[in-house]
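This report is meant for a reader who is meeting the structure here.

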Amino acid sequence: MIIGVDNGNARTKTIHTVFTSGINVHDVYPPISDEVLEWNGKFYTLSLKRNPYSRNKTKDDVCYVLTLFAMAKEILASDKYSSELDVDLAVGLPPEHFGLLKDKFADYFMKYGPQIKFKYMQKPFTINLNSVSVYPQAYAAVANKATELKEYSRTYVIDIGGYTTDVLLLHNGKPDLTYCRSLENGIITMNNNIHARISAAYDTSVEEDHIIDVLLDRKHSMSDEVVKSIKELAEEHAASILNQLRELGIDLKSNPAIFVGGGALLFREYLENSEMTSKTEFMPDVAANALGYTIFTTVKLNKLAKKG
């Protein structure tokens with residue numbers, strides 16, 4: 001089974017599942033939670049509060065454990081559960097870090113060996129990792145548009161994620177990894193700014209989920225003045241992203257742009273109406289990178305099978 005996992009700073013995604021990138025660690029089995037993962041002598045539960053941002057995901061086991069949750073969830077959601085299963089894992093890195101860190105990231109998931117044993121929701125899992133493949137984020141998100149993108153000499157793919165905005169240039173649909181940028185101005189940065197500004201102005205606390213609810217026009221109980229401020233601050237942040245891109249020489253008026261990631265959906269109205277953009281397209285699937293990793297690995301394994 002091929003499992004694509006997008007290890008986002010804010011959320012972890014597979015094709016069928018999305019959850020906050022936060023875990024709690026317990027020395028004993030937690031009595032009031034049913035979604036418990038038991039591995040390496042510890043018990044883990046998912047948290048609605050994300051773990052602190054980490055530039056280097058390989059420095060501890062947080063990303064590893066989140067990936068175990070992701071694999072277990074995807075296996076169950078795909079109705080492919082077996083107590084022992086062969087898995088080809090497909091993950092990704094920001095384009096700017098890809099060349100330097102791809103081997104280190106692949107090795108990270110093999111550091112405890114190719115066979116992983118754990119329990120999830122009392123079910124025993126034995127996963128045999130046949131391979132770990134690493135791909136550039138953003139490019140993976142538009143994998144199912146490869147034929148269409150060949151028609152354009154230049155296309156920018158802009159992935160607005162939890163902590164970073166990753167930019168990749170495509171030439172006739174092929175990634176130019178010599179021209180990619182990763183800016184630390186994603187949704188987490190915006191949320192922190194809004195939290196501080198709203199707290200100072202209105203003596204009230206807004207959390208990340210409150211902000212997302214407002215920007216996605218979901219139900220909430222905040223006052224009109226707070227809502228107005230949140231939307232204005234979000235528009236400022238979207239404008240800031242476009243200004244930083246322009247300072248880097250990225251012209252979105254003369255080149256088409258595809259915006260991907262959960263952040264892009266939050267800013268869609270602002271990005272579409274901006275004077276700094278022309279032809280814009282949005283990928284609504286927040287799991288687009290995970291799907292792309294899966295597509296790339298399927299193609300790679302099929303080629304290897306034909307050679308063999």
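Angles under 35 degrees count as roughly parallel, over 145 as roughly antiparallel, 65 to 115 as roughly perpendicular and the rest as oblique. The model is predicted, so local features need pLDDT of at least 70 and side-chain atom pairs count only at pLDDT 80 or more, whereas totals for chains, interfaces and linings use all residues. Residues are numbered from 1 along each chain as its sequence is written, and side-chain values use heavy atoms, with hydrogens and water left out.

Helix α4 (residues 187-202) packs against helix α5 (residues 208-215) at an angle of about 100 degrees, their axes being 10 Å apart, and the two are therefore roughly perpendicular to each other. In this packing, where contact means heavy atoms within 4.5 Å, Ile 187, Met 190, Asn 191 and Ile 194 of α4 meet Glu 208, Ile 211, Ile 212 and Leu 215 of α5.

The nonpolar cores are sets of buried Ala, Val, Leu, Ile, Met, Phe, Trp, Tyr and Cys residues joined through side-chain atoms within 4.5 Å, where buried means under 20% relative accessible area (1.4 Å probe, protein chains only).

| Core | Size | Residues include |
|---|---|---|
| Largest | 36 residues | Ile 158, Ile 160, Phe 267 |
| Second, separate | 35 residues | Met 71, Leu 89, Phe 98 |

Ile 160, leaving aside its neighbours within four places in sequence, is in contact with residues including Ile 187, Ile 241 and Phe 259.

Finally, 3 strands form an open antiparallel sheet in the order β2-β3-β4, where strands pair if DSSP finds at least two bridges between them.

Conventions
Axes are lines fitted to C-alpha atoms, for helices over the stretch in contact, and angles run from 0 to 180 degrees between N-to-C directions. Helices (H or I, at least four residues) and strands (E, at least two) are DSSP runs, numbered from the N terminus. Buried means under 20% relative accessible area, exposed over 50%, partly exposed in between (1.4 Å probe, protein chains only).
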